[in-house]
Amino acid sequence: MPANAPGRVAGKVAIVTGGANGMGAAHARVLVEHGAKVVIADLADDRGNALASELGGAALFAHLDVTDAEQWRSVVATAGEAFGPVTVLINNAGILLTDSVESVSEQDYRKTVEVNQIGPYLGMQAVIPGMKAAGSGSIINVSSTAGIVGIAENFAYSATKWAVRGMTKAAAVDLAPHRIRVNAILPGEVHTRMIADLDLDVSDTPLHRFGDPREIALLALYLASDESAYTTGADHVIDGGYSVP
């Protein structure tokens, strides 16, 4: 992009949950690189503040437990005071507790639902009034290939990622009259801290490699931008071909 060219998301104000690490940090970097103002929302205060400092005046960090509606309202208000109405939300925060239907505890199942499913629900509700007032918006919910295929030892995680896809489609229909678009990204195995301790094999992925967080962020950039103005309610799979066979 030429030095003086306007960014692809210039004028947008975004909240990225789980923004201090991994894919979330990549989303924040790419959005700032292309002209957006970004609120990095996370529980990891030190990493979040460090990333905001790295990105300069176009970014700030806000502490957020995505399962807490009041904290959501506070973060949205902080974004509005610093940058203006939120017009992009990337619901990226999530947890992965490996388990089977037989072994998962009720506590772990409920915890996974709270973060991976209730979190995006609360986030969408929190930003909708501002997006309506702004006249448009883009909500990007991070699901997973575990939300379209069955994966062993991923029972609770898969349940929530399937749910995210359904929430995305229902919200897209509800919000279309307000020019608020809602889409889902379904990453495969991406090289992040979430999977660092797992014994994963990419031999059954046609591209035979892990994804890079920036590759996922570039897809999010497209969905955040006006380039995707006719796209809503869609699943955007980015998994190296894992789900094709």
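**Exercise 1.** In this predicted model, find which backbone nitrogen a side-chain oxygen of D68 reaches at the start of α3.

*Solution.* Start at D68. One of its side-chain oxygens comes to within 2.9 Å of the backbone nitrogen of E70. Now walk along the helix. After α3 comes G84, with a positive phi near 120°.

**Exercise 2.** List the buried residues of α3, and decide how they are arranged around its axis.

*Solution.* Buried means under 20% relative accessible area. In α3 the buried residues are W72, V75, V76 and A79. Look down the axis: these residues fall within an arc of 100°, so they line one face of the helix. Next, check the cover. It includes the strands β1 (13-17), β2 (37-42), β3 (59-63) and β4 (88-91), and also helix α4 (106-134).

**Exercise 3.** Count the salt bridges in the whole structure, then examine the pairs R29–E54 and E106–R110.

*Solution.* The search returns nine salt bridges. Take R29 and E54: their side chains meet at 2.9 Å, N to O. This pair links distant parts of the chain, with R29 in helix α1 (residues 22-33) and E54 in helix α2 (residues 45-55), 25 residues apart. R29 has 36% relative accessibility, so it counts as partly exposed.

Now take E106 and R110. Their closest N and O atoms are 2.8 Å apart. The two are four residues apart in helix α4, so about one helical turn separates them.

Notes: Residues are numbered from 1 along each chain as its sequence is written. This is a predicted model: local features need pLDDT of at least 70, side-chain atom pairs count only at pLDDT 80 or more; totals for chains, interfaces and linings use all residues. Side-chain values use heavy atoms; hydrogens and water are left out. Buried means under 20% relative accessible area, exposed over 50%, partly exposed in between (1.4 Å probe, protein chains only). The arc is that of the directions from the helix axis to the C-beta atoms. Contact means heavy atoms within 4.5 Å. A polar contact is a pair of N or O atoms within 3.5 Å; within protein, one must be able to donate a hydrogen and the other to accept it, and residues adjacent in sequence count only if both atoms are side-chain atoms. A salt bridge is a side-chain nitrogen of Lys or Arg within 4 Å of a carboxyl oxygen of Asp or Glu.
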